[in-house]
Amino acid sequence: MIQSMNEFFQKDIISVRDFDKQKLESIFDATNKIIKLKPNDRREIGRGKTLGYLFYEPSTRTRLSFEAAIASIGGTSIGISNISSSSTQKGESLADTVRIMSIYSDVLVLRHPLDGSSRFAAEISEKSVINGGSGTEEHPTQAIQDLFTIKKEKNKIDGLKIGIVGDLKYGRTVYSLLSALSYYDVDVHLISPESLKIRTDSTYEIKKRFSFTESTDLEEYIDDLDVVYVTRIQKERFPDEEEYIKVKGSYVIGLDITKKMKDDAIILHPLPRLDEISAEVDNTKQAKYFKQAEYGMYTRAALLGLILNEKGF
Ligand code: CP
């Protein structure tokens, strides 16, 4: 129970590498509590608190789910989602922008294209900083929502066979997801085009905790997987558009693929998707990516509640 000891109080959430299984499970417990609470009781958790957000890259789910989350626990939000309308346009630094936002709010969320940006912001901010996606390496709150979704939909994480498909080189959700999965006893199969294989420099530490197979063939393990985690090929992070065109559309999950999957397997995607999951798959019982987006709101509400309340909730 998170009552007297709350290890997340006023803490920064920068990287899944700072977590362990027990910390993840504490957040899952808090999320289940959020889901069960009556709206009036939920609104007491963050009453009078302000979430400040700074999004230097586009976002739909992360920003809106954080806004929905703070509202659901009785707080409010202020922020910058269109950086070109802020004083950044006049040359104001990230450091000063973070400093100002930390005066106006009780907790900050930052999305930024540079690796290390959230850790830098946390050094400057007087308030807790949550990494809402930085560079190509980290998206910790996405990983929390991904594992929570797996646990809710499969009733466990340990023992599962998990395939991660698509852009494993540039997709930051993949690195946070792999870090989080490495605290559990799972079989992981990575499936990507040769040119988008996982970066070995970023998985060095993860590989000390668990191993995974790598393949270019989507169908090699498809009938054996419990979770198929699909990612978008991140066009915006390719240094050369020609290289993007070569791998665009490499994997498409259509009804032909879902029929080869186990009946009780689930398909996840951090979203947004382009063409890597056909719209016709949305109505299959395996499709859980919209549920996953919903769980993101609850996991973020739980995280905010833990950061803002010394004794938890
Ligand atoms: N999954 C995710 O980070 O989505 P957004 O880019 O829309 O926030």
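**Figure 1. Pairing of β1 with β3 in the predicted model.** Strand β1 covers residues 50-55 and strand β3 covers residues 107-112. The two run parallel and are joined by five bridges.

**Figure 2. The four-stranded open sheet.** The strand order is β2-β1-β3-β4, with parallel pairing. β2 (76-80) and β4 (128-134) are at the edges; each has a single partner strand, so one side of each has no neighbour in the sheet. From one strand to the next the twist averages 20°. On the β4 side, β3 and β4 are held in the parallel sense over five bridges, and valine 109 is found opposite isoleucine 130 in β4. Although β4 is an edge strand, seven of its seven residues are buried.

**Figure 3. The five-stranded open sheet.** Here the order is β7-β6-β5-β8-β9, and the pairing is again parallel. β7 (212-215) and β9 (266-268) are the edge strands, each pairing on one side only. The twist averages 20° from one strand to the next. β6 and β7 pair in the parallel sense over four bridges; within this pairing, histidine 189 stands opposite threonine 213 in β7. Helix α6 (residues 140-154) lies across β5 (161-165), β8 (227-230) and β9. The helix runs at about 165° to β9.

**Figure 4. The largest nonpolar core.** This core has 59 residues. The members that touch the most other members are Ile164, Leu178, Leu181, Val188 and Leu304. Helix α11 (residues 289-308) gives the most to the core, with nine residues. A second, separate core has 18 residues, among them Ile191, Val230, Tyr251 and Met261. In soluble globular proteins, nonpolar side chains tend to be buried together.

**Figure 5. Contacts of leucine 304.** Apart from residues up to four places away in sequence, leucine 304 touches Leu51, Phe66, Ala69, Ile70, Ile73, Val107 and Ile130. One of these, Ile130, is the residue in β4 that valine 109 stands opposite.

**Figure 6. Surroundings of serine 192.** Serine 192 is in the loop between β6 (187-191) and α8 (200-209). Is this residue buried or exposed? Its relative accessibility is 2%, so serine 192 counts as buried, the limit being under 20%. The side chain of serine 192 reaches the backbone oxygen of leucine 196 at 3.5 Å. Beyond four places in sequence, serine 192 touches Gly166, Leu168, Lys197, Ser215, Thr216 and Tyr251. Tyr251 is also included in the second core.

**Figure 7. Valine 16 and its contacts.** Valine 16 is in the segment before α1 (21-36). With a relative accessible area of 3%, valine 16 is buried. Leaving out residues up to four places away in sequence, valine 16 touches Glu138, Pro140, Ala143, Ser176, Ser179, Ala180 and Tyr183. Valine 16 and isoleucine 144 are 128 residues apart in sequence, and their C-alpha atoms are 8.5 Å apart in space.

**Figure 8. Alanine 287 in the loop between β9 and α11.** Alanine 287 has a relative accessible area of 17% and is therefore buried, given the limit of under 20%. Apart from neighbours within four places in sequence, the residue is in contact with Ile267, Val281 and Asp282. The C-alpha atoms of alanine 287 and threonine 258 are separated by 9.2 Å, and the two residues are 29 residues apart along the chain.

Conventions
Residues are numbered from 1 along each chain as its sequence is written. This is a predicted model: local features need pLDDT of at least 70, side-chain atom pairs count only at pLDDT 80 or more; totals for chains, interfaces and linings use all residues. Side-chain values use heavy atoms; hydrogens and water are left out. A nonpolar core is a set of buried Ala, Val, Leu, Ile, Met, Phe, Trp, Tyr and Cys residues joined through side-chain atoms within 4.5 Å. Buried means under 20% relative accessible area, exposed over 50%, partly exposed in between (1.4 Å probe, protein chains only). Contact means heavy atoms within 4.5 Å. A polar contact is a pair of N or O atoms within 3.5 Å; within protein, one must be able to donate a hydrogen and the other to accept it, and residues adjacent in sequence count only if both atoms are side-chain atoms. Two strands pair if DSSP finds at least two bridges between them. Axes are lines fitted to C-alpha atoms, for helices over the stretch in contact, and angles run from 0 to 180 degrees between N-to-C directions.
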